[in-house]
Amino acid sequence: MKNNIKSLCILAYHTVRDSKNFEAHLSYLEENYSVISVEQLRQFICNKTKLPKNPLIITFDDGDLSVYENALPLLKKYRLPATLFVVTDLINSHKPFWWEEIEYYLGKEEGNKKVWEVKDWKNIELEKFLLELRKQSNKPAMRCQQLSTAQLKEMQASGFTIANHSHTHPMFNNCTREELEAELKNSKGQLEELGFTPDIFAYPNGNYSRLSETVLESHQIKVAFLFDHKINRGKINPLRISRLAVNDHTPLWKLKLILSGWHTKILPITRTLSKLRKK
Ligand SMILES: [Zn+2]
């Protein structure tokens with residue numbers, strides 16, 4: 001049986017600020033699952049090694065400082081492996097995440113709306129918009145403390161896989177081939193140089209397209225993750241691996257519901273209901 005899996009849950013977190021609740025997650029996961037690394041999944045996909053019973057993977061997208069500050073000590077305490085997908089252009093810098101920058105300039109509410117809107121734009125349009133926003137504002141440039149190479153190395157030494165989340169976090173389905181080539185070349189080059197894991201990839205925002213998949217393949221990306229809120233069952237497509245969205249503040253009962261698969265089934269119904277309510 002090729003790449004066939006009974007059930008594999010992969011959790012996708014972003015920031016970790018609620019350490020107490022996050023610890024409750026880890027304690028539950030450690031009791032009830034075999035938490036494996038993405039490297040073990042790669043071995044399963046590429047070399048047909050076996051996975052333990054009830055496998056689960058913990059991942060974090062973007063490389064927020066709070067993962068180093070709050071998640072790392074707890075993952076060490078529970079001896080659990082995890083993966084951090086980093087945006088390579090931000091390492092060792094004070095550059096903000098572009099979506100936080102939009103909220104900074106436009107205010108929380110309007111900015112948040114705009115972030116959703118620009119995610120559908122061509123990447124070149126988004127870049128132009130950001131340049132214009134910075135130029136027109138009277139506010140001082142936004143600064144954000146990003147993770148350093150030393151911090152990432154410390155995480156790696158403590159069981160983290162430091163993997164690829166692109167160079168500048170564009171929406172891959174809105175990029176040209178040239179833009180995708182540059183994203184892969186730069187992110188892979190930098191991760192290789194630092195001794196991290198360039199060929200395990202998470203799509204920014206989970207957005208992918210046939211073209212982006214072709215470019216990923218040509219850059220020897222072996223495993224790529226989505227953000228589609230599904231559990232992996234049956235045959236796995238290595239470049240379209242499903243992940244479940246969770247937060248550090250997700251209540252434990254809800255985490256259990258998400259892991260049971262029921263949440264995925266209920267989600268389209270609750271979304272339809274809330275749309276109907278708005279009408
Ligand atoms: Zn991201």
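Predicted model: local features only at pLDDT ≥ 70, side-chain atom pairs only at ≥ 80, totals over all residues.

Charges next. I count 41 positive and 32 negative side chains, with the centres of the two sets 8 Å apart.

Then the overall build. The chain has eleven helices and nine strands. Its radius of gyration is 19 Å, close to the 19 Å from the globule rule for 279 residues, so the chain is as compact as a globular protein of that length. I find 51% of the 279 residues buried. Of the contacts with a separation of 6 or more, 72% join residues 24 or more positions apart.

Back to individual pairs. I looked up R177 and E181, whose closest N and O atoms are 4.0 Å apart. Both sit in helix α8, four residues apart, about one turn of the helix. R177 is partly exposed at 39% relative accessibility, and E181 is partly exposed too, at 29%. Elsewhere, shared partners link E39, R42 and D199 into one salt-bridge network.

I went through that network pair by pair. E39 and R42 meet at 2.7 Å, N to O, and both belong to helix α2, three residues apart. E39 is partly exposed at 28%, whereas R42 is buried at 13%.

What does R42 meet at 2.8 Å, N to O? It's D199, again in a salt bridge. R42 is in helix α2 and D199 in strand β6, so this pair ties together parts 157 residues apart in sequence. D199 has 16% relative accessibility, so I log D199 as buried, the cut-off being under 20%.

Conventions:
Residues numbered from 1 in each chain as written. Heavy atoms only, no water. Helix = DSSP H or I, 4+ residues; strand = E, 2+ residues; numbered from the N terminus. Rg over C-alpha atoms; globule rule 2.2 N^0.38 Å. Buried < 20%, exposed > 50% of the residue type's maximum accessible area, 1.4 Å probe, protein only. Contact = heavy atoms within 4.5 Å. Lys, Arg positive; Asp, Glu negative; His and termini not counted. Charge placed at Lys NZ, Arg CZ, Asp CG, Glu CD. Salt bridge = Lys/Arg side-chain N within 4 Å of Asp/Glu carboxyl O.
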